[in-house]
Amino acid sequence: MMTPQEIIKQIRLLPKEQRKKIKDSIPVEDLETNTKKMSEREFLKLLYDEKIIGNIPNPDEYTDEEDDFEPIEIKGKPTSEIIIEDRS
């Protein structure tokens with residue numbers, strides 16, 4: 001499942017016409033007063049209804065890959081350090 005930040009990032013990649021369509025579909029009073037907050041599910045439904053996304057992910061099928069992430073220890077210099085040395 002995409003986070004709201006990821007959704008916003010994807011929206012910014014859309015053509016101007018589609019971004020305007022999304023903006024126009026959000027009620028102005030919600031933008032001005034921010035009294036009614038849209039849940040992530042409602043936002044995804046809005047994007048689906050506007051045919052911007054093809055499906056709404058099922059939260060039961062979502063697995064947070066970051067929970068299982070364990071960095072691998074690598075010996076030697078960091079790659080960034082090697083690149084800096086090569087440029088000198």
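**Close-up views of a predicted all-residue model**

**Figure 1. The loop that holds K51.** K51 is located in the loop that connects helix 4 (40–49) with helix 5 (79–87); helices (H or I, at least four residues) and strands (E, at least two) are DSSP runs, numbered from the N terminus. The structure is a predicted model, in which local features need pLDDT of at least 70 and side-chain atom pairs count only at pLDDT 80 or more, while totals for chains, interfaces and linings use all residues. Residues are numbered from 1 along each chain as its sequence is written, and side-chain values use heavy atoms, with hydrogens and water left out. Although K51 is not a glycine, its phi is positive, at about 60°. K51 has a relative accessible area of 72% and is therefore exposed (buried means under 20% relative accessible area, exposed over 50%, and partly exposed in between, with a 1.4 Å probe and protein chains only).

**Figure 2. The packing of helix 1 and helix 4.** Helix 1 (residues 4–12) packs against helix 4 at an angle of about 25°, and their axes are 11 Å apart. Axes are lines fitted to C-alpha atoms, for helices over the stretch in contact, and angles run from 0 to 180 degrees between N-to-C directions. Helix 1 and helix 4 are therefore roughly parallel to each other (angles under 35 degrees count as roughly parallel, over 145 as roughly antiparallel, 65 to 115 as roughly perpendicular and the rest as oblique). Helix 1 contributes P4, I7 and I11 to the contact, and helix 4 contributes E40, F43, L44 and L47; contact means heavy atoms within 4.5 Å. Of these contact residues, 6 are nonpolar, none is polar and 1 is charged (Ala, Val, Leu, Ile, Met, Phe, Trp, Tyr, Cys and Pro count as nonpolar, Asp, Glu, Lys and Arg as charged, and the others, Gly among them, as polar).

**Figure 3. The surroundings of R41.** R41 belongs to helix 4. Its relative accessibility is 43%, so R41 counts as partly exposed. Leaving aside residues up to four places away in sequence, R41 touches I56, P57 and P59. R41 and P57 are separated by 16 residues in sequence and by 9.2 Å in space, from C-alpha to C-alpha.

**Figure 4. The chain as a setting for the close-up views.** The chain contains 5 helices and 0 strands, and its pattern along the sequence is α-α-α-α-α. Of the 88 residues in the chain, 11% are buried. Among contacts with a separation of 6 or more, 45% join residues 24 or more positions apart.
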